[in-house]
Amino acid sequence: MASAKNARVLVVDDEADVLFALKMLLKTEVGHVVTEKNPDNLPALLDREKFDVIFLDMNFKSALNTGNEGLFWLRQILQKDKDAKVILITAYGDVELAVRSLKEGAADFIVKPWHNDKLLETLHHNLQARQPKKAGAGNTSTHKNTSTSILGESDAIKEVLYKIDKIAPTEANVLILGENGTGKELVARALHEKSFRATKPFISVDMGALTDSLFESELFGSKRGAFTDAKEDRAGRFEAANGGTLFLDEIGNISPAMQAKLLTVLQNRQVTPLGSNTPVPVDIRLVSATNEPIYELAARNQFRKDLIYRINTVEITLPPLRQREGDIELLARHFAAIYAQKNHKPEPDFAPATLQKLKQHSWPGNVRELQHAVERAIILAEGNVLQPQDFSFSPMEMATAAPATGFAPDKAVPLIEMERETIIRTLEKNKGNISRTAKELGLTRTALYRRLNKHDI
Ligand SMILES: Nc1ncnc2c1ncn2[C@@H]1O[C@H](COP(=O)(O)OP(=O)(O)OP(=O)(O)O)[C@@H](O)[C@H]1O
C-alpha cells in the first residue's frame with residue numbers, strides 16, 4: 001500500500017479557493033501535496049513527478065463548461081500513467097459525466113460540496129487500491145484490507161464482521177442500522193469489496209441531501225429537455241452503479257413520494273429517466289443505511305413497510321460506541337498511532353484516568369467523534385502521555401484545559417465554543433440523528449455537516 005505519509009497527491013482545479021481548501025485538508029493526511037491551477041501545465045508536471053493520487057476538477061471554467069475539458073485531461077493523465085488513480089471532482093448533478101469518466105478509467109469521484117471525512121475516506125481507499133493492482137494481486141488482498149479496517153473486539157463488532165463475511169458474496173439487499181458515526185459506510189464498502197461486484201462501481205448517495213425535485217433526475221437520470229436546465233441526457237446513480245453496489249445512505253429520511261418511486265424501481269429492476277418513456281434495466285446490489293428508527297416510522301405510517309421488506313433482506317445493526325466500552329481503548333490507540341505519525345510525533349500513551357474519562361463519555365458522534373477527539377488531543381497535548389484535560393467535552397472543561405495547552409483565547413473563542421457545545425448537546429439529545437438535530441438547530445443537513453467538520457465533531 002502507498003502509505004499515506006509517503007504518498008504524493010496532486011490537485012488540479014482552476015478555483016484558488018478549492019485548491020487552498022483541499023491542500024489544507026490533504027496536508028493533514030499525506031506527506032506531499034502539489035496544487036496546480038492551470039491544467040495546461042499538467043503534461044510537464046507529470047513528466048517531472050509521479051503521483052499516487054490525482055484530484056482533477058471536471059468543470060474548468062472554459063468557454064464551454066461541459067466537462068469535456070476534464071475528460072480530455074483525464075485521458076492525458078492516463079496516457080502518461082495507465083495506473084494513475086484519478087479522483088474526479090464534479091459538480092452536484094454531473095453524475096453522467098462522472099460515469100463516463102469511470103468508464104474512461106477514472107478511479108473514483110467526489111461531488112462538490114464534499115464532506116471532508118468522505119473525501120479522506122476516498123483518498124485512503126484509492127491509496128490502498130493502488131498497490132495490489134500493480135502487483136497483480138487478486139481481490140483477496142483488498143478484501144483482507146477492508147475487513148481489518150473495521151476494528152473492534154466487542155461481541156457486537158465480531159458479530160458484524162461475521163455477518164459481513166457471510167452476506168457479502170450473496171446478492172442480498174442489506175439494511176445497515178446505527179447512529180451517526182458508528183461505521184455504517186465502512187460496513188457498506190466492506191460488503192462491496194468482499195462481493196463478486198468488487199471490480200464494479202460502488203456508488204454512494206446521501207438520500208437526506210436530495211430534495212423531492214432532485215430525486216428522480218439524480219437517481220434515475222434525465223433526458224435532454226426534460227426540464228429547463230437539462231441541456232443533455234444524463235444518467236442517474238442507478239445506472240452509474242450498474243453491475244456494482246448502490247449505497248443509499250440516510251434512506252429513513254425520504255418523503256412518502258420518493259419512497260413510492262424507489263419501491264417501483266426496486267420491484268421492476270429498471271429506471272425510466274425523467275423525460276423518457278423507455279425504461280433502462282439496471283443490475284445493482286442494494287445496500288441502504290439509516291440512523292432513523294425505521295420500524296417506529298413504519299409503525300407510524302411514515303415509512304412504507306413494503307419498501308422496508310425490499311431493502312432489508314439482511315440487517316446489520318451497529319451499536320453506539322457507548323455500548324461498546326471494550327472497543328474504546330482499542331480504537332483510541334489505533335487513531336492515536338495514526339495521528340501521531342501524521343503529526344510527526346511519537347506514539348503517545350494514555351494515562352489511566354484518561355482511559356477512564358473516554359470510557360465514561362457518551363460519544364454522541366460515536367467513532368467519528370472519538371477519531372476527532374484523539375486527533376485534537378494529539379495536536380494539543382504537551383507530553384507523551386495523553387491526560388484527561390487533553391480531551392474536552394464541555395465548556396467548563398474547555399476553559400480549564402485551555403491554559404494547559406498553551407492556547408491563547410481571543411474574543412471569538414467563547415462564541416465558537418458555544419456553537420460547538422450547542423451542536424454536541426443537541427446531537428446528544430437527538431441520539432446522533434443528523435436530520436432531527438439540524439431541524440432543531442434551524443439548519444439544513446448540509447449546513448450542519450459543514451459545522452460538524454468545522455468543529456471536528
Ligand atoms: N469499527 C471501526 N474501526 C475503525 N474505524 C471506524 C470504525 N467504525 C467507524 N470508523 C471510522 O469512523 C468514521 C465514521 O464512520 P462512517 O462514516 O462509516 O460512519 P456512518 O455510520 O456511515 O456515519 P454517518 O451516519 O454520519 O454517515 C470513519 O472515519 C470510519 O473509518
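Start with strands β8 (residues 245–249) and β11 (residues 285–290), which run parallel in this predicted model and are joined by four bridges. To find your place in that pairing, look for leucine 248, which sits across from serine 288 in β11. Strands of a sheet pair through backbone hydrogen bonds, in either a parallel or an antiparallel sense.

Now zoom out from that pair. β8 and β11 belong to an open sheet of five strands, ordered β7-β8-β11-β6-β12, and the pairing is parallel. At the edges you'll find β7 (202–206) and β12 (314–318); each has a single partner strand, so one side of each is left without a neighbour in the sheet. Going from one strand to the next, the twist averages 15°. Helix α8 (residues 184–193) packs on this sheet and touches β6 (174–178), β7, β8, β11 and β12. The direction of α8 makes about 155° with that of β6.

Keep α8 in mind, and turn to the ligand. Around the ligand there are 18 residues, and the ones that come nearest are Leu151, Gly183, Lys184, Glu185 and Val367. Which elements give two or more residues to this shell? They are α8 and α16 (366–380). In terms of domains, it draws at least three residues from domain 2 (152–318) and at least three from domain 3 (325–454).

There's another sheet to walk through. This one is also open, with five strands in the order β2-β1-β3-β4-β5 and parallel pairing. Here the edge strands are β2 and β5 (108–112), each of which pairs on one side only. The twist from one strand to the next averages 20°.

β1 (residues 8–12) and β2 (residues 32–36) run parallel and are joined by five bridges; valine 12 has glutamate 36 in β2 as its bridge partner. How do you get from β1 to β2? The path goes through helix α1 (residues 16–27), and β1, α1 and β2 together make a right-handed β-α-β unit. Helix α1 lies across β1, β2 and β3, and runs at about 175° to β2.

Further along the strand order, β3 (residues 53–57) pairs with β4 (residues 85–91), again in the parallel sense, over five bridges.

Note on methods: Residues numbered from 1 in each chain as written. Predicted model: local features only at pLDDT ≥ 70, side-chain atom pairs only at ≥ 80, totals over all residues. Pairing = 2+ DSSP bridges. Axes fitted to C-alpha atoms, helices over the stretch in contact; angles between N-to-C directions. Contact = placed C-beta atoms within 7 Å. Right-handed = clockwise from strand over helix to strand, strands pointing away. Near = placed C-beta within 6 Å. Domains from an automatic or database assignment.
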